[in-house]
Amino acid sequence: MTSSARVDLDGNAIKPLTICMIGAGGFIGSHLCEKLMNETDHTVLAVDVYSDKIKHLLEPDSLPWNGRIQFHRLNIKNDSRLEGLIKCSDLTVNLAAICTPADYNTRPLDTIYSNFIDALPVVKYCSENNKRLIHFSTCEVYGKTIGSYLPKDSPLRQDPAYYILKEDTSPCIFGSIEKQRWSYACAKQLIERLIYAEGAENGLEFTIVRPFNWIGPRMDFIPGIDGPSEGVPRVLACFSNNLLRREPLKLVDGGESQRTFVYIKDAIEAVHLMIVCYILDFLFHNNCQFRYKKHYH
């Protein structure tokens, strides 16, 4: 069922959204664009500097969603067109970021600028123009678990309570300043705090998404095959690269590190439900306000 088949409480067709998607050309953005083109009638203003991962959605003109996805090649750092695109949208999804772990140590300044400074205009324009923002953060804002600081022989290490991360109560435990690996998590947490403050002081409506290692097609590259030879991809691509070259797998902490992985299609389904919830929330408030005014005025 597409959005054109949905109706509100009075039986009126629900108008499809116009979504400004910043970072639409990346791994997550490309899959979200596919979902929206294939299963909804929403229009996407796809903002990015690259379009390689969504070029199959942009051409040819015979595609059934022709005209519903428009690619805008711009850098959000310094392009005045960004505010106009946010203004003419119903909803903004911000996916733009440097989020490759190998870059956190080697490019800490770029990492901080990309994940905090460059996101400031997006938050500002959404707040000033009363636009809902879905902002992609990271699970890394939780930092280290309390359990990771316990002595290795401590019986408390067997208690799962010391490893559970809770959205509103977990302390954010980061490494020291000289550990530039934490530049990404700190920048992401700071932009979250700014968004939260905009909501508290200026009424910005927002949703924060904290992905836990989403994996799937178009996620990464194999060095020297579909990416730079000197590049360092994420863990699964590193393993694939080792296997292809018949090299030993490189393990962190001797293989004792634990990761949570989520397949991209499952994750995108959750993001789509966030968009559906936004629509329902908008309709509910508008419908209640309309009925109130109609009844009393």
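The model is predicted, and local features were considered only at pLDDT of at least 70 and side-chain atom pairs only at pLDDT 80 or more, whereas totals for chains, interfaces and linings use all residues. Residues are numbered from 1 along each chain as its sequence is written, and side-chain values use heavy atoms, with hydrogens and water left out.

The chain has nine helices and eight strands, where helices (H or I, at least four residues) and strands (E, at least two) are DSSP runs numbered from the N terminus. Of its 297 residues, 40% count as buried, a term that denotes under 20% relative accessible area, with exposed meaning over 50% and partly exposed lying in between (1.4 Å probe, protein chains only). Among contacts with a separation of 6 or more, 71% join residues 24 or more positions apart, a contact being heavy atoms within 4.5 Å.

Helix α1, residues 27–39, spans 19 Å from its first C-alpha to its last, close to the expected 18 Å, the expected span being 1.5 Å times one less than the number of residues. Because eleven of its 13 residues are buried, α1 is largely enclosed by the rest of the structure; the buried residues include Phe27, His31, Glu34 and Lys35.

Helix α7 has 20 residues and reaches 28 Å, close to the 28 Å expected. Its buried residues include Tyr184, Lys188, Ile191 and Glu198, and the elements covering the buried residues of α7 include α4, α5, α6, β5 and β6. Just after α7, Gly203 takes a positive phi of about 80 degrees.

Helices α5 and α7 pack at an angle of about 20 degrees, with their axes 8 Å apart, the axes being lines fitted to C-alpha atoms, for helices over the stretch in contact, and angles running from 0 to 180 degrees between N-to-C directions. They are therefore roughly parallel to each other, a description applied to angles under 35 degrees. Pro108, Thr111, Ile112 and Asn115 of α5 make this contact with Ser183, Tyr184, Ala187, Lys188 and Ile191 of α7.

Helix α6, residues 120–128, packs against α7 at about 15 degrees, with the axes 11 Å apart, which makes α6 roughly parallel to α7. In this contact, Leu120, Val123 and Ser127 of α6 meet Ile191, Leu194, Ile195, Glu198 and Asn202 of α7.

Conventions:
Parallel < 35°, antiparallel > 145°, perpendicular 65-115°, else oblique.
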